[in-house]
Amino acid sequence: MRRTWWLWGASLAAYAFLYVPLTIVVLFSFNDSKLNAEWVGFTWSWYRTLFDDDAMLAAARNSLFIAVTASLAATVLGTMAGIAMHRYRPRLLPFMVLTPVAMPEILLGVSLLVFFISVFGEQALSLATVIVAHTTFCIGFVAIIVRARLAGMDESIFEAARDLGATPWQTFRLITLPLIMPGVIAGTLMSFTLSIDDFVITFFTTGVGVSTLPLQIYTMIKVAVTPEVNAVSTLLMVLTLTMIVVASRLAPDALRGQG
Amino acid sequence: MALLEIRNVTRRFGPLTAVDDVSVAIEAGEFFTLLGPSGCGKTTLLRMIAGFDLPDAGAILLDGRDLAGTPPEKRPIHTVFQSYALFPHMTVSQNIAFPLKMAGKSAGEISTKVKGALEQVHLEEKGAQYPHELSGGQKQRVALARGLVNQPRVLLLDEPLGALDAKLREEMQFELIELQRDIGVTFVFVTHAQPEALALSHRIAVMDRGRVVQLDEPSKIYGLPVNRFVADFIGKCNILDAAVVEASPGGLKLEVKGLGEIAAPAREGVRPGERGVLALRPEQVRIGPPDSQHDLKNHFTGRVHDLLYVGDITTYVVELPNGTRIEALLPNSAPGRATFFEKGDTVRVAWRHDAGNFLRD
Amino acid sequence: MTRPRAEPVTRWLVGGPPFLFLFVFFALPSLIMVAASFRYPGEFGGLAPLAATRPGEDAGLTAENYGVFFSDWIYFQILAKSFGVALLTTLVCLVMAYPLALLIARSPKRHRDFMILLVVLPFASNFLVRVYAWMIILGDQSVFLRPINYLLAQFGAEPVSLLFNGFAVVVGMVYVHLPFMILPLYTNLEKHDPVLLDAAQDLGANTWSRFWRVTFPLSLPGIFSGTALVFIPVLGMFAIPEILGGKDDWMVGNMIKEAFLGTRDWPFGSMLSIMLTLAVLTVAGLAAWLARKGTARA
């Protein structure tokens, strides 16, 4: 690159800005010191504490259960929505599917809080309400990915299938589904990631005693900060990192924001 | 009884009438072409035959049976789409096997038939490849094989050669004719390319704005166009405004402003005083030096306005005394000589008394 | 243009379930929230009943929540501050994101996917973790701050505190939302035809002119997308001001959270949420209108 040294410089600065803070978090998770101040020595102790922490383990179990359930539900509903949006061009559905994604999360969180308690009473909030809440905002992501995938395909393929003797159901099973499958899987992985990481919406819709990993992290940050936070953060990062890499292989267009 | 009958079919889209009361009878074993400019309704008609659209009025009958209640997947009619529509996630063999699977054929029968189909389109080694690995011409042949493998009653082809380059297009045209002749399936071919239609078809239906204007063999469509639209659309044509002076079984006498009297071939039902046009093909117009060709009835002196040399022939645009310009073709058969005439030269153009057609608009 | 043939059944089968789910769990709650903003707060929090069950109890509908918003200056201030933070965050994100997006867009094709992946990966970390990271960096004990304060002390200056103030909040906001500005910008810049820049250069434009008169105008739709993706979420944030900011740095989101979980004055919280929604819709509408104007010209 000829005279673009400034472009490289500014870009490297941006990349550094993105990665240095996270590197510090990961680094200090191995630091043999209670304070996140300076490096003392290498240790696994914070990770060990994690696995002894019952509250943390319960939160991890909840997070996983919620993420698996919500991402599956969102995949089914989101795929149906994506297909419907592409094929039938409805007027109301896109709005309902995409707004939860576009709006600040706090609005969805409080409105569901009000809804659940008004309709189901004071004790309404629980694991189930969190799953419902997560599904609601994940549907949009799956729908966008599936719709983008359908938009990029030659429409006449579906007509050709029927022309050659396939019923609408056979066309869906043998042609449509295999072709959108990479997008569907990417959508599932994205939903899983979003659900595991979600803080704001979960914050407003969990019941008493139901905690998730992000909520645990929040409590620890506010109450007593120890590098245990670093440790759980690092583990979370590794998990979601894997999901994103796999998802990006399956649906590269989705990450670039098309559709 | 005709194999495929289109009876008074009409299809409207809001204020636009795409297909206007069309009636056509297609015979078994025919290579039948729907020819016309874009928007003339030919593709709409094709889609109705395939079952992806329903007529607003009229009926489409196969072997005398109305197809109205039958969805596309149940019709023994297959389509070769303009974009080929090969399933990207299936191999060539799997693509071709698809209609056989839908028809519930046994695995053994499928594998035999697929092999046969691949041989027929000269793609024996390509069975295990995926569509994206094939060239345009190869994809086309897979689409053809797929449409023919379970022997439909009719094969519909929607501008299948459109995406191919000129040379490949010509090759495919020969292959198509051979294929249709060997297999004997009825082809209904849609195109706007009239040389192609003339080359491939047994019969052509020329369509304009939703109506069939002329239905005939290629030679009659070309040589005896029924009106100005057909004459102008098919091949190149000189159009001269003319009025009928005399009409007899032996021929017509036409009056063209500024040129005088012109002899034209007889036409039924034409009466003196009628106005219309004389449609004259460029190859019917002889061109020569000013002092030649006195034996032809119609001759005029003109000036060469322009010329186009394309290797085997030269097209001359000659300006006639009344200001109109006509095209004349001259084969460049004398080797080594590029042109006989230059721009600005005075020439004599002439044509036979039975050349051309008098057409009403 | 196929005529619907038994299509309505399929349409409802395919589009029905997601529509129903979202109607119940998105549309309905939103409507309930609107209604709630016009109610009285219950005695022990939540909503007061619509019909009074005891004499002297507040019940039924009222517009007093909105009245409070418009009468007390502080609420408007906080809303304005939220807009300010959002605007500042967006601008900083834009300035930081543009060079990076440009670099990636101009890199050879085989590098681009990897470079974009590098941008997205930090997104893999939990949002709170990303905020926490800045607590470490900006904290008084941090490796970065202590030497700076030490030097300042040498010159007799006051030690600087970078945490629990507006500065930290903005840094946190920028950090969390930067990828959302980079991605749409990149998507747009990638589509630019390099020939246009050659043509501009051929006609006498220098580097700055080529950027300002060709690249920048063409990138406006991407800028608007990125702005919407940053501005709107920032408006509703509460966690970042809470963790990285001080009491003075409260934004609309903090007030909403306090209303629902602290004072349990649901009607007031609902009213604030409606105000936030209106603010978001205004911004979104503006962005969409500007984006359409930008693309119409291009």
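Which backbone oxygen lies 2.8 Å from a polar atom of the side chain of A:Thr193? The backbone oxygen of A:Leu189 does.

The model is predicted: local features need pLDDT of at least 70, side-chain atom pairs count only at pLDDT 80 or more, and totals for chains, interfaces and linings use all residues. Residues are numbered from 1 along each chain as its sequence is written, chains are lettered from A and ligands numbered from 1 in written order, and side-chain values use heavy atoms, without hydrogens and water.

A:Thr193 is part of helix H8 (residues 168–197) of chain A; helices are DSSP runs of H or I with at least four residues, strands runs of E with at least two, numbered from the N terminus. Contact means heavy atoms within 4.5 Å. Leaving out residues up to four places away in sequence, A:Thr193 touches A:Thr240, A:Met243 and A:Ile244. A:Leu236 is 43 residues from A:Thr193 in sequence, with 9.7 Å between their C-alpha atoms.

Chain B holds an open sheet of 6 strands with mixed pairing, in the order S6-S7-S8-S3-S9-S10. Two strands pair if DSSP finds at least two bridges between them. Strands S6 (77–80) and S10 (211–216) of chain B stand at the edges; each has a single partner strand, so one side of each lacks a neighbour in the sheet. S6(B) pairs with strand S7 (residues 154–158) of chain B in the parallel sense, over 4 bridges. There, B:Val80 stands opposite B:Leu157 in S7(B). Helix H5 (residues 166–183) of chain B packs on the sheet and touches strands S3 (31–35), S7 and S8 (186–191) of chain B.

Terms used: Axes are lines fitted to C-alpha atoms, for helices over the stretch in contact, and angles run from 0 to 180 degrees between N-to-C directions. A polar contact is a pair of N or O atoms within 3.5 Å; within protein, one must be able to donate a hydrogen and the other to accept it, and residues adjacent in sequence count only if both atoms are side-chain atoms.
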